[in-house]
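User: I have a model open and want to know what stands behind the labels put on it. Please set each value against its rule.

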Amino acid sequence: MNSSPAGPSTPRPTRRRVHTRARLLSAAGELFLSVGYARTSIEDICTAAGYTRGAFYSNFATKEDLLLALFDEQAAKRMSELEHLTAAAEALGPEERARRLVEALLRVEAAEAGWMLLFLEFRLLAARTSELADRVAAHDRTVTAAVATLLHRVLPELVPPGVSAEQAAQVVLAAREGLLARTTAGGPAAEELLNAATAVLAGLLG
């Protein structure tokens, strides 16, 4: 999401390098999700992908760079899903559209839960390091801007008067992370909390 098009002085990466980067990202993602970020080393990633440390450092400066690239990929996929959902809900009334959008933003599907937990792990780690905290904050701003753009473009009437789309996006995204921390175990209590949060936020927006 943060990449910029290559200019005349910036040669495009070769197909081989693109393939190497993709394999490193895939191997790292599997390791991060299975054993966690802190317990995965660069050597582990290289071994799993079948590359040397040189191949790693030709694509990523640090393990943190790789993880943030993974988060950008996941955020881009999620935004694409949300855009399709909101486009399909345009024919509905404002209250129902608000409910569906908020529920889609708050609900964490099983396939996505691991990524959210991984991000929470990294957020807690970054809180103790100012440089990492700045990078997480930059990632947050990118995701917030994308959600705000979605709200403003697709469902502008759902943003209450006196509240910016960015503020609404910040609150919804923060609520989403908080809900995940409270509903990881699943079950009726988790579903009840999700329904309550959806009703409250949808009511505020709708």
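Analyst: The questions below go through the labels one by one. This is a predicted model, in which local features need pLDDT of at least 70 and side-chain atom pairs count only at pLDDT 80 or more, while totals for chains, interfaces and linings use all residues. Residues are numbered from 1 along each chain as its sequence is written, and side-chain values use heavy atoms, with hydrogens and water left out.

User: What makes up the secondary structure of the protein, and how many helices and strands are there?

Analyst: There are nine helices and zero strands. Helices (H or I, at least four residues) and strands (E, at least two) are DSSP runs, numbered from the N terminus. Along the sequence the pattern reads α-α-α-α-α-α-α-α-α.

User: How do you know what span is expected of helix 1?

Analyst: The expected span is 1.5 Å times one less than the number of residues. Helix 1 (residues 15–35) has 21 residues and reaches 30 Å from first C-alpha to last, close to the expected 30 Å. Just after helix 1, Gly36 takes a positive phi of about 100°.

User: Which residues of helix 1 are called buried?

Analyst: Buried means under 20% relative accessible area, exposed means over 50%, and partly exposed lies in between (1.4 Å probe, protein chains only). In helix 1 the label goes to Thr20, Leu24, Leu25, Ala27, Ala28, Gly29 and Phe32. Over the protein, buried residues make up 38% of the 206 residues.

User: Why is the pair Arg53 and Glu43 called a salt bridge?

Analyst: A salt bridge is a side-chain nitrogen of Lys or Arg within 4 Å of a carboxyl oxygen of Asp or Glu. The N to O distance for Arg53 and Glu43 is 3.5 Å, so the pair qualifies. Arg53 lies in helix 3 (residues 53–57) and Glu43 in helix 2 (residues 42–49), so the pair ties together parts 10 residues apart in sequence. Arg53, with a relative accessible area of 37%, is partly exposed, and Glu43 is partly exposed at 41%. By this rule the count comes to four salt bridges.

User: What distance does the salt bridge of Arg135 and Asp65 have, and which parts of the chain does the pair link?

Analyst: The side chains of Arg135 and Asp65 meet at 2.3 Å, N to O. The pair links distant parts of the chain, with Arg135 in helix 7 (residues 130–154) and Asp65 in helix 4, 70 residues apart.

User: Which residues are in contact with Lys63?

Analyst: Contact means heavy atoms within 4.5 Å. Leaving aside neighbours within four places in sequence, Lys63 is in contact with Phe32, Tyr37, Ala38, Thr40, Ile42, Ile45 and Phe56.
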